Amino acid sequence: MKNILKALFCIGAMSATHAQNTTYYQQFADYKMEIDVDAKNYSYKGKQQIKYKNNSPDTLSVAYFHLYWNAFKPNSMMDQNVQNNGKEGDKRLQKNGVSRLASIPKKEEGAQNIRFIKQDGKNLTFEVQETILKVNLAKPILPNSSTTFEMEWDAVIPMQIRRAGRNNAEGVEMTMTQWYPKIAEYDYDGWATFDYLGREFHAPFANFDVKINIDKNYIIGAGGTLVNRKHMPGYNTTSTAKPDAKGKISWHWKAENMLDFAWAADPDFTVETTQVPDGPELFFVYQKTDKTQYWEPAKKYTVGFFELMNRQFGKYVYPSYAFVQGGDGGMEYGMCTMILGEAKSLERLVGLMFHEAAHSWYQQMLATNESMKPWLDEGFTSYAESLAMYELFDEKKTAPHPFTSTIENYVKFTKTGREVPAVYLADHHKDGTAYTFASYVKGELFLVQLGYILGEDQLSKLMKTYYNTWKLKHPNNRDFMHLAQKISGMDLKWFEHYWINTTKTIDYAVGYMDEKGKKSQLTLYNQGEVPMPIDLTVTLKNGQKKHYHIPTNLTRVWKSKDRFGAFETVSYWPFTQKEYRLELPFAKSEIASVEIDKSKRLADVNRDNNVLNN
C-alpha cells in the first residue's frame with residue numbers, strides 16, 4: 001500500500017512539475033555594443049555586453065548564439081542546401097541554376113571570428129558549429145536569475161547574397177542585418193538553434209544600446225532611436241558627434257523590447273521623415289535618384305497603412321519605423337525593413353513596404369517562431385498586406401474582396417502537383433515556390449477561410465484579441481487557435497489540421513434541382529477532401545436573393561452572421577456525407593440560379609461547378 005501511495009505521489013509530483021513548466025515565460029537580453037567599422041575593407045571590430053535574464057523554470061548549463069554571417073561562404077550549409085535543391089530551390093541564391101555562394105571570393109566571405117567570450121568575468125570555452133556558437137558556461141544560470149556575457153569579435157562583411165552584406169544590387173555599400181553574435185531563444189521547446197539556410201529567424205526580446213563608429217561621410221539608417229540626432233536641411237538626419245582623429249563619427253542608437261537591431265550605411269543616403277497621426281515617426285532612408293522616384297509618392301500610403309493597422313489589428317508600440325534601401329527584395333527587422341528601392345512601379349514599392357511593415361505586427365510585436373511556423377508569420381503578414389492594398393491602393397475596388405488574387409493563385413498552384421503542407425519548417429523546404437505557397441499563400445488563406453467559417457466580424461474581434469493578449473510575447477499556433485475557439489465557441493482543430501498539415505483541397509458543387517410542387521429540392525456535392533460550412537445564394541427570377549448557411553457538424557456551433565449578407569441557417573452537413581439535400585420554399589420555375597459562395601472567399605479549387613443556372 002505504501003509503495004502504491006508513493007507511486008501515486010510521484011506521478012502527482014511529475015504532473016505538477018509538468019504543469020509548472022507549461023506556464024508561459026520569456027527570456028530577455030540587454031545588449032550594449034561598440035562597433036568600429038573599417039569601411040574601406042568592409043569589416044568591423046565589435047564588442048558587446050549582454051545581460052541575460054533566465055525567466056524559465058530550467059537551469060541552463062550551456063548557451064547558444066547565432067553567427068549568421070558564417071553562412072556566406074563556399075561549401076557552407078547554405079551553399080550545400082542550394083546545390084542539393086537544384087533549380088527548384090530559392091532562385092535568389094542561384095545564378096543560371098548554380099549556387100551564388102560557391103563563387104564568393106575569399107576576401108568577401110562572411111566571417112564572425114570570436115576573440116573571447118566571458119561569463120561574469122570568467123573566460124568560457126566555445127565551439128563554432130557552422131552558424132551556431134555553442135558556449136559552455138562557467139556556472140549554470142539558475143531559474144529566475146541573470147548573468148552577464150562579454151564578447152569581442154572581428155567580422156568581415158560578406159558579398160550580399162541574401163539580405164546582409166556589401167554592395168547590394170542597387171549599390172548600397174553596407175546592409176548590416178543579423179550582423180552580431182545574437183543569443184538564441186530558449187523556451188518550452190528548448191534552445192532555438194536552427195542553422196541559417198536563408199529564410200527565417202527567432203530571438204528573445206531585448207534592449208539595444210549600440211554605438212557605431214564609421215567614416216564621417218556615411219549616413220546610417222536603422223531600426224531604433226538615434227540618441228545623438230541632428231536635423232539637417234531637407235529633413236536629413238545625421239549624428240551630432242564630431243569626427244575623431246581618424247575622421248570617424250559615432251552614431252548612438254537605442255531600442256527597447258525588440259528582437260534585433262539592424263542598420264545600413266552608405267555615403268549617398270538621404271533621410272526623410274513624415275509623421276503618422278497618433279502613431280510613429282516614419283523614416284525613409286534611400287539613394288535619391290530617378291530610379292527611386294516612387295519613394296516620394298509612397299509616403300502618403302505608408303502613413304495610411306500605419307493608421308489602418310493600428311485600427312484593424314492593434315496599435316504599433318514603437319516610436320518610429322524606417323524604410324531603408326539595402327535589401328535583396330525585402331526583409332523585416334525591429335523598427336525597420338531593408339528593401340530594394342528601384343521599384344518598377346509605385347504599386348510594387350507600396351506593396352513591398354506594406355508587407356515588410358506589417359511584419360512589425362506578425363513577427364516583431366507578435367513574435368512567433370517563424371523558423372518553425374513560417375505560415376503564422378508570413379501568412380498573417382500577407383493577409384494584412386492584401387487588406388491594406390485593397391483599402392488604400394485599389395481605388396476602383398474591382399475585385400469582390402481583398403484576397404481574390406491570392407485564392408486564384410492558390411487554385412492554379414494546386415494543379416501543379418508541387419504543393420507541400422504548410423507545417424514544414426522554413427529552412428527545410430526544397431522547392432522555393434512551394435515554400436512561398438505553403439507559408440505566404442496558405443497562411444494568408446488560413447485567415448480568409450477562418451473568416452468564412454466564423455464570420456468576418458468574429459475574425460476581426462479575434463485578430464484584435466490575439467494582439468492584445470500576446471503583444472510583445474512569443475505566441476504559437478495553439479495560442480491563436482485557443483483564442484479562436486474561445487471567441488467563436490466553435491471547435492476548429494479540424495480546420496487547422498486540414499489546412500496546415502495536409503495539401504487536401506476544397507471542392508463543393510451544385511448538383512441538380514428537383515421540382516416538389518411549389519417547392520424545390522436542391523442536391524449539393526462535396527467533391528473535395530476538406531470539409532467546410534457552405535454559404536449558398538438562391539437568386540429568383542424577380543431579382544430577389546435568399547442566402548442560406550449550411551454548417552458543418554465539425555464546428556458544433558454555427559456562425560450567427562456575416563457582413564457579406566444576412567442568411568438563414570439550415571441543417572448541418574455531416575462531414576462524412578458526400579451529398580446534401582436542401583428543400584427550397586420556391587418553385588423550380590421561380591429560381592434563376594443557385595450559387596455556392598457568392599462572396600468568392602471559399603478557396604474552392606473548381607468554381608466552375610459552384611453555380612447552377614436554371
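1. **Basis.** The model is predicted, so local features need pLDDT of at least 70 and side-chain atom pairs count only at pLDDT 80 or more, while totals for chains, interfaces and linings use all residues. Residues are numbered from 1 along each chain as its sequence is written, and side-chain values use heavy atoms, with hydrogens and water left out.

2. **Domains.** The chain is assigned domain 1 (23-170), domain 2 (205-354), domain 3 (391-501) and domain 4 (508-613). These bounds come from an automatic or database domain assignment. The centres of domain 2 and domain 3, taken over C-alpha atoms, are 29 Å apart.

3. **Interface of domain 2 and domain 3: area.** Here 19 residues of domain 2 are in contact with ten residues of domain 3. Contact means heavy atoms within 4.5 Å. About 1,200 Å² is buried between the two domains, 72% of it on carbon and sulfur atoms. F205, Y301 and F313 supply 39% of the area that domain 2 buries against domain 3, more than any other three residues. Buried area is the accessible area (1.4 Å probe) that two parts lose on being put together, summed over both.

4. **Interface of domain 2 and domain 3: polar side.** A salt bridge is a side-chain nitrogen of Lys or Arg within 4 Å of a carboxyl oxygen of Asp or Glu. One residue pair is in polar contact between domain 2 and domain 3, both residues at pLDDT 80 or more. A polar contact is a pair of N or O atoms within 3.5 Å; within protein, one must be able to donate a hydrogen and the other to accept it, and residues adjacent in sequence count only if both atoms are side-chain atoms.

5. **Which elements build the domain 2 side?** Two or more residues each come from α3 (295-312) and α4 (346-358). The largest share, six residues, is from α3. By type, the domain 2 side divides into twelve nonpolar, four polar and three charged residues. Ala, Val, Leu, Ile, Met, Phe, Trp, Tyr, Cys and Pro count as nonpolar, Asp, Glu, Lys and Arg as charged, and the others, Gly among them, as polar. Helices (H or I, at least four residues) and strands (E, at least two) are DSSP runs, numbered from the N terminus.

6. **Salt bridges.** The whole structure holds 32 salt bridges. One of them pairs E583 with K519, the closest N and O atoms being 3.6 Å apart. E583 lies in strand β33 (residues 579-584) and K519 in strand β29 (residues 519-526), so the pair ties together parts that are 64 residues apart in sequence. E583 is partly exposed at 41% relative accessibility, and K519 is partly exposed at 39%. Buried means under 20% relative accessible area, exposed over 50%, partly exposed in between (1.4 Å probe, protein chains only).

7. **K600 and E595.** This salt bridge has its closest N and O atoms 3.2 Å apart. K600 is partly exposed at 36%, whereas E595 is buried at 11%.

8. **R607 and D597.** Their side chains meet in a salt bridge of 3.1 Å, N to O. Both residues sit in the loop between β34 and β35, ten residues apart. R607 is partly exposed at 27%; D597 is buried at 0%. Elsewhere, salt bridges that share partners join E456, D535, K559, D562 and R601 into one network.

9. **S599.** This residue is in the loop between β34 (591-596) and β35 (611-613). S599 is buried, at 13% relative accessibility. Its side chain makes a polar contact of 2.8 Å with the side chain of D597 and one of 2.8 Å with that of R601. Beyond its neighbours within four places in sequence, S599 is in contact with P400, H401, Y452 and F564.

10. **D328.** The loop between β25 (320-325) and β26 (330-333) holds D328. D328 is buried at 18%. Its side chain joins that of R162 in a polar contact of 2.9 Å. A polar atom of the D328 side chain also lies 3.3 Å from the backbone nitrogen of R163. Leaving aside neighbours within four places in sequence, D328 is in contact with R92, I161, R162, R163 and L340.
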